[in-house]
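Me: Hey, I've got a structure open and I'm a bit lost. Can you walk me through it?

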Amino acid sequence: MPTVSLTVNGKAVTADVDPRTLLVQFLREHLRLTGTHVGCDTSQCGACVVHLDGKAVKSCTTLVLSINGSSVTTIEGLADANGPLHPMQEAFRQNHGLQCGYCTPGMIMAAVDMVNRKGNDLDDHTIRKELDGNLCRCTGYHNIVKSIAAGARAMAGGAGQQAAE
Amino acid sequence: MSATGIGASVRRKEDQRFITGKGHYTDDISRPGQAHAYFVRSPHAHATVRGIDTAAASAKPGVLAILTGAQLAADKIGNLICGWMIHSKDGSPMNMAPHPALAAGKVNHAGDAVAVVIAETLAQARDASEAVKVDYQVLPAVVDPAKAQAKGAPQIHEGAPNNTIYQWEIGDSAAAEAVFKSAKHVATVDLINNRLVPNALEPRAALAEYDDGADSLTLWNTSQNPHVARLVISAFVGMAPEHKLRVIAPDVGGGFGSKIFIYPEEVVCLWAARKVGRPVKWTADRSEAFLTDCHGRDHVTHAELALDDNGRITGMRVKTIANLGAYMSTFSSAVPTYLYATLLSGQYEIPMIHCAVDAVYTNTVPVDAYRGAGRPEATFVVERLIEVAARQLGLDPAELRRRNFVKTFPYQTVVASLYDAGDYNASMKKAMDIHDVKGFGKRRRVSARSGKLRGLGYSTYIEACGVAPSAVVGSLGAGVGLWESAEVRVNPAGTVEVLTGCHAHGQGHETTFAQLVSERLGIPIEQVSVVHGDTDKVQFGMGTYGSRSGAVGMSAIAKALDKVEAKAKKIAAHLLEAAEADIVFQDGKFTVAGTDKSLAFGEVALGAYVAHKFPTGEIEPGLKEGAFYDPTNFTFPAGCHICEIEIDQDTGRTEIVAWTAVDDFGVVINPMIVEGQVHGGIAQGVGQALLEGAVYDADGQLVSGSFMDYAMPHAENFPSIKVDTTVTKCPSNPLGIKGCGEAGAIAAPAAVINAITDAVGHENVTMPATAQVVWAAVRKAKAVRAAA
């Protein structure tokens with residue numbers, strides 16, 4: 001089996017994998033990082049969003065061998081291990097941006113990426129448009145939109161930029 | 001109100017694990033040595049299975065076993081059941097056809113499983129499944145419920161002539177006939193309540209493990225009601241006795257009804273785990289979920305409303321065909337009957353109602369409860385009728401509603417429901433004020449100037465929640481009682497664990513239930529934890545659906561807390577050397593009335609366990625109390641939703657521009673969580689009205705079987721929603737709670753369609769009102785106006 005080497009949440013990992021292994025399977029099954037979820041098989045729902053070299057990707061449609069040598073950040077690595085939550089995580093809690101929690105890791109990772117691309121002052125319309133690749137069945141998106149706007153503002157405070165690295 | 005008590009928007013205790021990726025959903029759990037299951041499913045909607053050849057597949061790498069329906073039957077694994085008996089109007093029982101967990105001899109819907117491959121890895125199981133050769137003889141299929149009973153239609157089950165499950169009715173058809181004969185005005189609607197796919201974001205999953213030393217089985221699964229799953233899998237399927245079967249429903253990623261039911265896959269995983277001697281895991285992929293999760297709605301309805309010259313309703317007649325799919329799912333029979341027709345009085349005084357429901361089999365995925373379950377269908381009928389009648393009579397739709405609202409409580413409807421409390425006009429008035437209905441005419445003119453059509457639609461809905469008084473549902477055919485249980489365990493240092501038979505899959509029980517305890521015992525919310533979802537930890541309970549956890553589940557907790565307080569007072573009396581009657585418990589302190597002698601709750605808890613200072617012959621040591629609470633009535637949340645839309649006439653695109661919801665949920669424990677429930681419900685209702693539809697072709701293939709084909713609501717489909725409440729306390733439970741989980745999904749479809757028909761000036765707008773549907777309606781309305 002071929003070998004893949006990655007940096008995941010700041011730690012170097014190397015493993016032999018079946019060539020058809022997807023990034024999400026590698027994270028969940030090899031590394032037991034089960035915070036990244038799978039909600040569909042057509043790349044629509046966004047529950048599997050992680051950051052690949054600082055940019056959001058859907059890990060369900062990324063072959064792990066195709067990203068050899070890259071750096072991956074998952075929801076588990078968004079905040080420092082013993083530090084405070086990332087401002088976007090905190091914003092989701094404060095604004096009740098989650099119910100069942102299943103879409104949440106993907107939403108938060110997509111939201112941080114949105115801020116990295118679009119800045120800290122995000123209006124309702126922009127957020128809703130940018131969430132095209134993420135589905136939530138619980139919240140009706142109302143409080144997710146609120147969370148992202150608040151998280152974006154909080155990220156301007158300086159914390160949380162590490163997620164883009 | 002304390003910062004963490006009843007009425008406070010406490011931030012959720014469960015969020016920490018979800019926002020950090022530390023939740024434990026079923027697929028996150030792995031057991032040593034686990035194997036993987038992959039199901040071989042029928043590509044045909046209706047076919048005879050002439051044979052299954054597993055030889056080539058069995059030789060594939062990693063395959064441990066390939067199991068079929070014949071082996072399932074040989075091992076005497078029982079069928080899945082529908083747990084609610086409905087009798088037809090002629091007194092005959094419903095025709096419940098056999099539902100084996102793996103089909104044997106015949107498949108009845110595309111996706112029906114015929115075999116399962118168990119292999120070392122999921123990829124190996126999947127690879128091998130492609131080598132399983134199934135010899136199908138394809139039969140003609142029937143998918144349209146309106147055609148299922150037709151002469152010559154393909155017959156699905158032997159014991160169900162004309163594919164008819166039951167022909168049920170409520171009310172007096174002759175008396176209704178008389179009312180309609182003498183009616184001054186009759187409004188008529190023909191409606192299709194479109195079939196929906198629940199699509200909780202977490203796909204269903206099951207992980208089963210057999211312990212041969214203890215001869216016991218454990219099942220982790222995505223269930224809204226693990227005890228009910230255990231009961232059915234034990235008592236009906238016969239997998240193992242209840243005390244040898246542990247069911248754990250850990251974190252569950254949304255349910256909306258679809259995870260209430262007992263499904264074939266969890267039965268097969270349990271059976272396979274014992275047969276193979278390895279833990280067996282199965283997780284649905286989304287395509288599989290579309291083909292196997294129970295769908296919702298799917299009614300074809302003709303309804304009429306009779307009114308007098310003053311706009312007072314004199315009667316209603318409804319005829320519905322309900323599609324239950326290929327098999328009767330766990331609670332399917334109750335949805336189009338007792339959860340539907342009993343709500344047809346809406347918020348109105350209606351002296352005569354007759355409703356007839358035919359439930360039919362089709363070659364489609366089984367249909368069962370989906371958020372609202374019967375009540376959205378009823379509300380859609382009632383609220384469309386009212387709207388059509390108002391336009392026919394030339395009355396303001398709000399005024400017609402106001403004239404017919406139930407105004408005095410309790411109110412006994414003619415369809416069995418006893419409304420206990422409400423103020424329907426208050427909700428509508430508040431919603432109209434917030435929405436600025438007065439300014440609508442001006443907004444409509446502004447839209448018109450840019451060539452757009454603007455419409456405003458009301459939905460003054462009612463629902464029955466808090467399911468349900470056990471004796472009542474028993475008399476209606478339910479196989480179970482619908483009480484709820486709780487145990488409050490006070491630990492020696494004063495922390496508290498609450499064990500509940502309810503199950504949270506997004507509702508936030510770990511917070512709201514703890515708020516009740518914090519308020520009642522006067523202890524910090526951090527000192528309370530809520531335990532649920534494990535049959536080995538929690539006493540028997542009925543799970544979460546039908547907005548029952550607040551009204552029924554929390555009432556059970558309140559009852560247990562009463563007992564804890566009573567016992568703690570006795571113990572406090574001994575510790576304080578005072579008479580029990582003199583002990584006052586307030587703000588977490590036991591005080592001897594009129595003195596400054598007091599003990600904190602934690603001190604009394606410790607005293608209870610140390611047991612040094614009271615006679616243990618009279619008072620048992622320890623502080624732990626349980627309660628079962630059986631509700632005295634359903635609860636009746638109600639409210640008014642107003643939807644305002646704008647239509648682009650050239651494209652038919654409908655945009656929701658404003659939404660106001662004013663709901664009466666009785667006493668609210670956590671406003672933040674309640675608002676979230678309303679938002680989510682509205683999104684699902686809007687999804688039904690504008691976007692979603694499970695579409696089958698004539699051969700029974702699900703055409704909209706993925707997120708690429710089935711239009712799930714996205715963030716940009718919604719405006720910001722205004723949510724408010726009015727409160728009439730529910731007199732039917734100790735906390736005054738009515739429930740809020742389904743309101744949005746119940747209210748929304750009618751509000752949207754009433755707004756569209758208002759804008760277009762044409763009543764025949766089907767759901768989902770896609771751009772194509774609305775564009776056609778706009779053109780039709782123009783043609784009618786031109787001809788007039």
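Me: How far apart do the C-alpha centres of domain 1 of chain A and domain 2 of chain A lie?
Reply: They lie 21 Å apart. Before we go on: this is a predicted model, where local features need pLDDT of at least 70, side-chain atom pairs count only at pLDDT 80 or more, and totals for chains, interfaces and linings use all residues. Residues are numbered from 1 along each chain as its sequence is written, while chains are lettered from A and ligands numbered from 1 in the order in which they are written.

Me: Ok. Where do those two domains of chain A sit in the numbering?
Reply: Domain 1 of chain A is 3-75 and domain 2 of chain A is 87-158. The bounds come from an automatic or database domain assignment.

Me: How many residues does each one put into the contact?
Reply: Domain 1 of chain A gives 15 residues and domain 2 of chain A gives 11 residues. Two residues are in contact if their C-beta atoms, placed from the backbone, lie within 7 Å. On the domain 1 side, strand 3 (49-52) and strand 4 (55-58) of chain A each give two or more residues, and strand 3 of chain A has the largest share, 3 residues. Helices (H or I, at least four residues) and strands (E, at least two) are DSSP runs, numbered from the N terminus.

Me: What kinds of residues are on that domain 1 side?
Reply: There are 7 nonpolar, 7 polar and 1 charged. Ala, Val, Leu, Ile, Met, Phe, Trp, Tyr, Cys and Pro count as nonpolar, Asp, Glu, Lys and Arg as charged, and the others, Gly among them, as polar.

Me: Switching to chain B. What's its mean pLDDT?
Reply: The mean for chain B is 97, and 100% of its residues reach 70 or more. pLDDT is the predictor's confidence in each residue, from 0 to 100. The model also scores ipTM 0.97 and pTM 0.97.

Me: And how many residues are in the contact between chain A and chain B?
Reply: It takes 41 residues from chain B and 46 residues from chain A. On the chain B side, the elements giving two or more residues are helix 1 (15-19), helix 9 (286-292) and helix 18 (671-691). Helix 18 of chain B has the largest share, 7 residues. By class, the chain B side has 17 nonpolar, 15 polar and 9 charged residues.

Me: Which domains does chain B have?
Reply: Domain 1 is 31-139 + 202-253 + 259-292, domain 2 is 299-467 + 633-787, and domain 3 is 483-629. The C-alpha centres of domain 1 of chain B and domain 3 of chain B lie 40 Å apart. Between them, 15 residues of domain 1 of chain B are in contact with 13 residues of domain 3 of chain B. Helix 7 of chain B gives the most to the domain 1 side, with 4 residues.

Me: Let's do a sheet. What's the strand order in the open sheet of 4 strands in chain B?
Reply: The order is 21-20-19-25, with mixed pairing. Two strands pair if DSSP finds at least two bridges between them.

Me: Why is one side of strand 21 and strand 25 of chain B left without a neighbour in the sheet?
Reply: Strand 21 (528-531) and strand 25 (624-629) of chain B stand at the edges with a single partner strand each, so one side of each has no neighbour in the sheet. Further in, strand 20 (residues 496-500) of chain B runs parallel to strand 21 of chain B, joined by 4 bridges. Across that pair, L499(B) stands opposite V531(B).

Me: What packs on it?
Reply: Helix 15 (residues 509-521) of chain B does, touching strand 20 and strand 21 of chain B; its direction makes about 135 degrees with that of strand 21 of chain B. Axes here are lines fitted to C-alpha atoms, for helices over the stretch in contact, and angles run from 0 to 180 degrees between N-to-C directions.

Me: Last one: is strand 9 of chain B mostly covered or mostly open?
Reply: Strand 9 (residues 205-211) of chain B is mostly covered, with 6 of its 7 residues buried. A residue is buried if 20 or more other C-beta atoms lie within 10 Å of its own, exposed if 12 or fewer, and partly exposed in between, with C-beta atoms placed from the backbone. Strand 9 of chain B also runs antiparallel to strand 10 (residues 216-221) of chain B, with 6 bridges joining them.
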